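Please keep the structure in view while reading.

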Amino acid sequence: MGGVNAAGRTSGHQAYRRTVLDVLDRDDQATMLIGLAAMMRLVIHQDDGTWADAEGQPLDAREIVARYRQQILDHSLIRRIEDPHFGDVGIAANRHAQLAIEAPLVFMLRRRQLPVSLPENWQVRELDRQRVEVTVPPGQFDVMLPERRQAQVRAAGQLPSGFAPETLYHSVHHPRGLSMAIFGVSDCLGQSGLDWDALSSRLDPDAIAVYAGNSIGQLDDNGWGGLLKSFVSGNRATSKQMPLGYGQMPADFLNAYVLGSVGTTGTMQGACATFLYNLRLGVDDIVSGRRRVVMVGTADAPITPEIIEGFRTMGALADDASLKALDALTLLTDADYQRACRPFARNCGFTIAEASQFVLLMDDDLALEIGADILGAVPGVYTNADGWKRSISAPGIGNYITLGKAAALTRSLLGEQALRERSYLHAHGTSTPKNRATESHVFDQVAKANNVDAWPVVAIKAFVGHSQGSAAGDQLASALGSFAHGWLPGIPTLDEVADDVHAQRLRFFQHPLAFSADAALINAKGFGGNNATGVVISPQVTERLLVKRHGQSKVNDWKQRREKTREIGRHYERQADRGRFHTIYRFGEGVLEGPELEVGADAIHIPGYARAVSLSVDNPFGSID
């Protein structure tokens, strides 16, 4: 697993540990805080193994924690948006107006700034080779007046302050989401402890797949955002904005610049459930035997004025006015913004966020063979639509089906007692009034059907916000952290469960809960009726299933091979905790054209790839011969 969100880096469970900070022992707290301090560029790890602050003054570990702890806590997770345009500077905009001129208006202008098509009533006189004088006669004219609008939404789940993924490789006008994708998959490969080139050389290139994307494309200025407003902003569109804006571009970037994969690729967009939709594609590919290794992920960077305004006008976001009304406040402080997301409590809307999350899936035979460090297993992901709807963005009935199937699979795989006592729910938990009532009813009904009396509920968005298509990736990464450390993150903003929440069979808690989990059910409810629930089981349970399927001897051999893999992964994590990230970006390497291939009837040989691509295909239709 790898990636980044408002809590920090995914590898080494750094982001997860940020959400259970108070129950960690002192050494683990210090490791996490120092790692975040390095990530945020507050401290620098020197070549001689010592630490220094940004001015080069030496610091030891204890000093780093003492000096920067509060700054780290204040500038990670949900907080006031740090872009100055969301503060006093204001968001650049234009206001349509009708200008009435009673006397001729005369102004000077550079020749190249003249409109291509001059208004018919303009009179233009040349002053010199660079400048002209324009006279506009009296009358009424439609104009656009520049202004600065004060942001109405000021809270978001932003990456930790100071962390800029685009600075970690040779990024040239890449949209933020794609830079986050490059970092996320590099983090995943580093944490895995596996050599990607060695792994891929063992396989038919077509046995590898990449399913990665996001929910709404790249809509910042380097992507479709800049393209779509280029005419009205007066800026020129670039040749990169159109292609880099597509929603499947994270997969394209990984194939072209990180993995060099020629296997199956693409993304399945499902609004807020996009990560689980892609995860289902990967799981189905491996179960069917079509693929042996699948990289799955998402990268969403939606913290832009336009996207925020779109969600705000829907009434979906927790804007400043709603937060003030919720708590009867006249002024919002930094502490109020940090509490903006309140799943299953009295709330007023979700808090937008950015995140990139990736997981590496592998079939069990290959995982045992190469000594992979198995963090868990995903036996199934279910997706269902809502059927007939009034509002396309409102929740519906499909989630009852997906969660019901996920519970049934868990019961079938692990037994009724494990479902009732050792599973828990990773809620979509957006912090909207509609979600708290509808999702809790889904949970309650499925719990009742399966005789579950106190199903623990985790709602990670209380910490990191709603990262759109990456939201379930945040949940899955958190679940893997809970398996490793034995704590379920609480819902710190849940002062009291709201009256309309169906809580009879659910267990809500504010503070981390010690819990030995066999399985987590990852739930997502996306706009448009995109419902998904995935089952992830713990590494301990996975190992028991491997022993049952492959035998103890084969599992013992895997454990011996796993030690080397784990040590390589731990080395990467130590380096990452020092702010030394190994970001993979292979621009222009190994580029091939068609004439360089050796094309046969049964296989295609590609220079630089250890194995040929088999052209043998299944034909279930028979033959007319």
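In this predicted model, helix α15 (residues 398–414) packs against helix α17 (residues 433–449) at an angle of about 40 degrees, and their axes are 10 Å apart. Angles under 35 degrees count as roughly parallel, so α15 is oblique to α17. The crossing in which α15 passes α17 is right-handed. On the α15 side, the contact is made by Asn-399, Tyr-400, Leu-403, Gly-404 and Ala-407. On the α17 side, Thr-438, His-441, Val-442, Phe-443, Gln-445 and Val-446 take part. Sorted by class, the residues of this contact are six nonpolar and five polar, with no charged ones.

A further helix pair is formed by α4 (residues 176–192) and α21 (residues 552–577), which pack at an angle of about 135 degrees with their axes 6 Å apart. Angles over 145 degrees count as roughly antiparallel and those from 65 to 115 as roughly perpendicular, so α4 is oblique to α21. From α4, the contact involves Ser-186, Asp-187, Gly-190, Gln-191 and Ser-192. From α21, it involves Thr-565, Gly-569, Tyr-572 and Glu-573. The residues of the contact of α4 with α21 divide into one nonpolar, six polar and two charged.

The report now turns to the pockets.

| Pocket | Volume | Lining residues |
|---|---|---|
| Largest pocket | about 1,300 Å³ | 38 residues |
| Second largest pocket | about 1,000 Å³ | 33 residues |

Which residues lie nearest the centre of the largest pocket? They are Ile-91, Lys-229, Thr-304, Pro-305 and Glu-306. Two or more residues of this lining come from each of the elements β7 (91–101), β11 (139–149), α7 (230–233) and α11 (305–313). Among these, α11 gives the most, with five residues. By class, the lining of the largest pocket has 16 nonpolar, 10 polar and 12 charged residues.

In the second largest pocket, the residues nearest the centre are Met-362, Gly-376, Ala-377, Val-378 and Thr-542. The lining of the second largest pocket divides into 24 nonpolar, four polar and five charged residues.

Terms used:
Residues numbered from 1 in each chain as written. Predicted model: local features only at pLDDT ≥ 70, side-chain atom pairs only at ≥ 80, totals over all residues. Heavy atoms only, no water. 1 Å grid on protein atoms, 1.4 Å probe; cavity = no way out; pocket = protein on both sides within 12 Å on 5 of 7 lines; lining within 4 Å. Points joined across faces, edges and corners; volume = space filled by probe spheres on them. Helix = DSSP H or I, 4+ residues; strand = E, 2+ residues; numbered from the N terminus. Nonpolar A, V, L, I, M, F, W, Y, C, P; charged D, E, K, R; others polar. Axes fitted to C-alpha atoms, helices over the stretch in contact; angles between N-to-C directions. Left-handed = near helix turned anticlockwise from the far one by under 90°. Contact = heavy atoms within 4.5 Å.
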